[in-house]
Amino acid sequence: MSKKKDNQYVTILGRLLTYMKPYRTYLILALVCAIISVVLSLFTPILIGRAIDYVIGPGEVYFDEILEILTVLIFVIVGSAIFSWLMTYSTNRITFKSVKDLRSHAFNKLNDVPLGYIDSNSHGNIINTIINDIDIVSDGLMQGLAQLFTGVVTIFGTIGFMLSINLGIGLVVVILSPVSLFVA
């Protein structure tokens, strides 16, 4: 992409972020909930692995230890689901409120448009363009925010868990992943 287009996208993103600025609380809540939800979901396979470790062979199953782990696992899964729902709720609130402000601003701006422009274009076309463009922004925000939060946190959380479980293998994965992307 050209530098001019890059600057244009940054300008558009900056203007869009100004509509989200009053809803920083929801943004922070969404990020915190994403972190908690992803950490809990990444902890789930570790708990399952620990439970499997107590199944040694036929007749050698430590049910008491497995029951403890399964109890914790239930709380982890329920907690992950609750925080995931809270993150989605927060990102939806940010999106709906920001888009509401954007619509209000667009229709107020429409009142300032010269009468000659309105007379030369069909009324339905002007309104339809505004509504469609804002709906596209709304869809992008709703999907983008949730995916951005969970995606980034999942990547860093996975790397953190890998490094905490086995430093050597974790470092190999961290080093070889960019190399394999470059080679591919």
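The lining of the largest pocket is made up of 11 nonpolar, two polar and three charged residues. Keep in mind that this is a predicted model.

Let's stay with that pocket for a moment. It holds about 530 Å³ of space, and 16 residues line it. Nearest the centre of the largest pocket you'll find Arg-15, Leu-102, Ala-106, Asp-133 and Ile-134. As for secondary structure, the elements that each give two or more residues to the lining are α1 (3-20), α3 and α5 (123-165). The top contributor is α5, which supplies six residues to the lining of the largest pocket.

Now for the helix pair. Helix α2 covers residues 24-53 and helix α3 covers residues 63-111. Their axes come within 7 Å and cross at roughly 155°. An angle over 145 degrees counts as roughly antiparallel, so α2 and α3 are roughly antiparallel to each other. The crossing of these two helices is left-handed. If you sort the residues of the contact of α2 with α3 by type, you get 23 nonpolar, eight polar and three charged.

The C-alpha separations are as follows.

| Pair | Apart in sequence | C-alpha to C-alpha |
|---|---|---|
| Thr-18 and Ser-98 | 80 residues | 8.9 Å |
| Gln-147 and Asn-121 | 26 residues | 38 Å |
| Val-76 and Leu-40 | 36 residues | 5.8 Å |

Start with Val-76, which sits in helix α3. Is Val-76 buried or exposed? The relative accessible area of Val-76 is 7%, and since buried means under 20%, Val-76 is buried. Leu-40 is 36 residues away from Val-76 in sequence, yet their C-alpha atoms are 5.8 Å apart in space.

Thr-18 belongs to helix α1. With a relative accessible area of 51%, Thr-18 is exposed, because the cut-off for that label is over 50%.

Gln-147 and Asn-121 are 26 residues apart along the chain, and 38 Å separates their C-alpha atoms.

Note on methods:
Residues numbered from 1 in each chain as written. Predicted model: local features only at pLDDT ≥ 70, side-chain atom pairs only at ≥ 80, totals over all residues. Heavy atoms only, no water. Axes fitted to C-alpha atoms, helices over the stretch in contact; angles between N-to-C directions. Helix = DSSP H or I, 4+ residues; strand = E, 2+ residues; numbered from the N terminus. Parallel < 35°, antiparallel > 145°, perpendicular 65-115°, else oblique. Left-handed = near helix turned anticlockwise from the far one by under 90°. Nonpolar A, V, L, I, M, F, W, Y, C, P; charged D, E, K, R; others polar. 1 Å grid on protein atoms, 1.4 Å probe; cavity = no way out; pocket = protein on both sides within 12 Å on 5 of 7 lines; lining within 4 Å. Points joined across faces, edges and corners; volume = space filled by probe spheres on them. Buried < 20%, exposed > 50% of the residue type's maximum accessible area, 1.4 Å probe, protein only.
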